[in-house]
Amino acid sequence: MKLTDLQKEISGDWKAKGYELPEYDREAVKKNTKENPVWVHFGAGNIFRAFPAEILQRLLNSGAYDKGVIVAESFDHEIITKAYKPYDSLSLSVVLKSNGTIEKKVVGSVVEALVADQSVPEDFSRLFEIFESPSLQIASFTITEKGYSLYDGKGDILPVVEAGFKESMENQGHLMGRIAALCYRRYQTCKAPIALSSMDNCSHNGDKLKAGVMAFVEAWTKNGIVEKEFEDFMKDPSKVSFPCSMIDKITPRPDENVKKMLEEDGFEDTELIITSRNTYTSPFVNSEETGYLVIEDSFPNGRPPLEKAGVLFTDKETVDKVERMKVCTCLNPLHTALAVYGCLLSHTSIHEEMKDAELSALIEKMCYEEGMPVVVDPGVIDPKDFAGAVLKLRFPNPFMPDSPQRIATDTSQKLSVRFGETIKSYLASDTLDVSSLTLIPLVLAGWCRYLMGVNDDGEKFEQSPDPLLEKVKKHVAGVKLGEKTDVHAALEPILKDETIFGVNLYEAGLGEKVEGMFAELTAGEGAIRSTLKKYVK
């Protein structure tokens, strides 16, 4: 059983072994797409194949649509040359269910795969051709937040960007410059509207995409490379839009256990590919069963009816509410709580933590009792249903081999949004009392305890990378388990830092509470477990 067999006569083994196959004429879809392209997607990684491409597959299977998506990759050319082109852009989507079973779907909605780099002129010429077509409605993106950035970690403009501001459009090294060049070709030829739609997992992703593309457009106008009318075209939302979205679906790298399960079926396309740029890919992609895609409905040239396949289209304000619900209450804070206490209690996987009575109770109570009262219901997704899926399906999923150690990375950069925003909402409320918060302060105290780098058994552990780690952990360097210490002197420099928590915890009325909990957590070996039992009983 090979993906390319599907171009020939289909063996009965596929359906007999539980594989869902495309239920449409793929050659006709290819022809329709080539003649009138509608959707091109930049970023050929696992999240694209497991989610947007699979959503389009559902639409094609329903008979409600007849065009596919074209994928382009600018960062890692080997994804295209090794994981797409040898398989005619077909892939196998493996859905990892929380009960330990899998669903297997052959996805054929991707009908063409291109390298989005002007060093591969044949492919980039094809992209120019696609952007010249008035039928094109969407250019979407899953390129990670870093893909939009024009600056390095020190805030200095990247040399490739600085050069691109002055170069001709045929010689752009940064994807944002290449997208601006493709839009200029569209302006020159047909002036048809288009939506540039980020589907990356970051806040205000459409704004980040717009900032990246428009930086090139404005620099080219200033440098006389393009006419001012092109800049006006790009700034006209009736011509070019940058809708925001919220995407949520875990797509880990191709898993060895999944590979073995597929091979036992007789499926042969299971090569695990590690590219020279350290991308992990394969002809198959595995993902969790739960997924959400909420998009601002701003498409000046129309769009496929993806709402028929589960995409939620709404206004920008609602997208922001969904994002806030996820990041501030129903997912991200729970992850951070498990990360901090998982490291302190020597857990190595999230799904195993969910079997820990105190930790599962901690995040459930924190979510429903402390976070949910300040959540603004976005209307399109019920916050309690979202949280329920996280707590009952997603975190306990044994197929999701995520670790508290990985999630603990960069915690200092996450606390202000994941917990600070909830604290601010309590402070601004006429009906809620910030002093009633218990479990959120317990997580913050747990993070301060984590900075000691000593687990509940008194053994040292390696802390995860964090840009502020060296700065903040020196404040607790003198704290020893079971020894009397001046907790206020140790924690005050940390807890008053608004850049970490979003608020000064003392001014918010929580500093002393966190200090008291920290004292309990450091009372001796086993104090973390006993403190958790006290507060989550």
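**Exercise 1. Which residues line the largest cavity?**

*Solution.* The structure is a predicted model, in which local features need pLDDT of at least 70, side-chain atom pairs count only at pLDDT 80 or more, and totals for chains, interfaces and linings use all residues. Residues are numbered from 1 along each chain as its sequence is written, and side-chain values use heavy atoms, with hydrogens and water left out.

Step 1. A cavity is a set of points, on a 1 Å grid over the protein atoms alone, where a 1.4 Å probe fits but cannot get out; lining residues have an atom within 4 Å of a point. The structure holds 6 cavities of 30 Å³ or more.

Step 2. The volume of the largest cavity is about 80 Å³ (the space filled by probe spheres set on the points, with grid points joined across faces, edges and corners).

Step 3. Its lining consists of Lys321, Arg324, Met325, Cys328, Thr329, Val374, Val375, Val376, Glu421, Thr422 and Ser425.

Step 4. Helices H12 (316-330) and H18 (415-428) each supply at least two lining residues, and H12 gives the largest share, 5 residues. Helices are DSSP runs (H or I, at least four residues), numbered from the N terminus.

Step 5. By class, the lining has 5 nonpolar, 3 polar and 3 charged residues (Ala, Val, Leu, Ile, Met, Phe, Trp, Tyr, Cys and Pro count as nonpolar, Asp, Glu, Lys and Arg as charged, and the others, Gly among them, as polar).

**Exercise 2. Determine how helix H9 packs on helix H10**.

*Solution.* Step 1. H9 (residues 205-222) and H10 (residues 228-235) pack at about 160 degrees, their axes 9 Å apart. Axes are lines fitted to C-alpha atoms over the stretch in contact, and angles run from 0 to 180 degrees between N-to-C directions.

Step 1. H9 is therefore roughly antiparallel to H10 (angles over 145 degrees).

Step 2. The contact (heavy atoms within 4.5 Å) involves Val213, Met214, Val217, Glu218 and Thr221 of H9, and Lys228, Phe230, Glu231, Met234 and Lys235 of H10. These comprise 5 nonpolar, 1 polar and 4 charged residues.

**Exercise 3. Determine how helix H13 packs on helix H19**.

*Solution.* Step 1. H13 (residues 332-344) and H19 (residues 439-450) pack at about 45 degrees, with axes 9 Å apart.

Step 1. Ala337, Val340, Tyr341, Cys343 and Leu344 of H13 meet Leu442, Val443, Gly446, Trp447, Arg449 and Tyr450 of H19. This contact has 9 nonpolar, 1 polar and 1 charged residues.

Methods:
Parallel < 35°, antiparallel > 145°, perpendicular 65-115°, else oblique. 1 Å grid on protein atoms, 1.4 Å probe; cavity = no way out; pocket = protein on both sides within 12 Å on 5 of 7 lines; lining within 4 Å.
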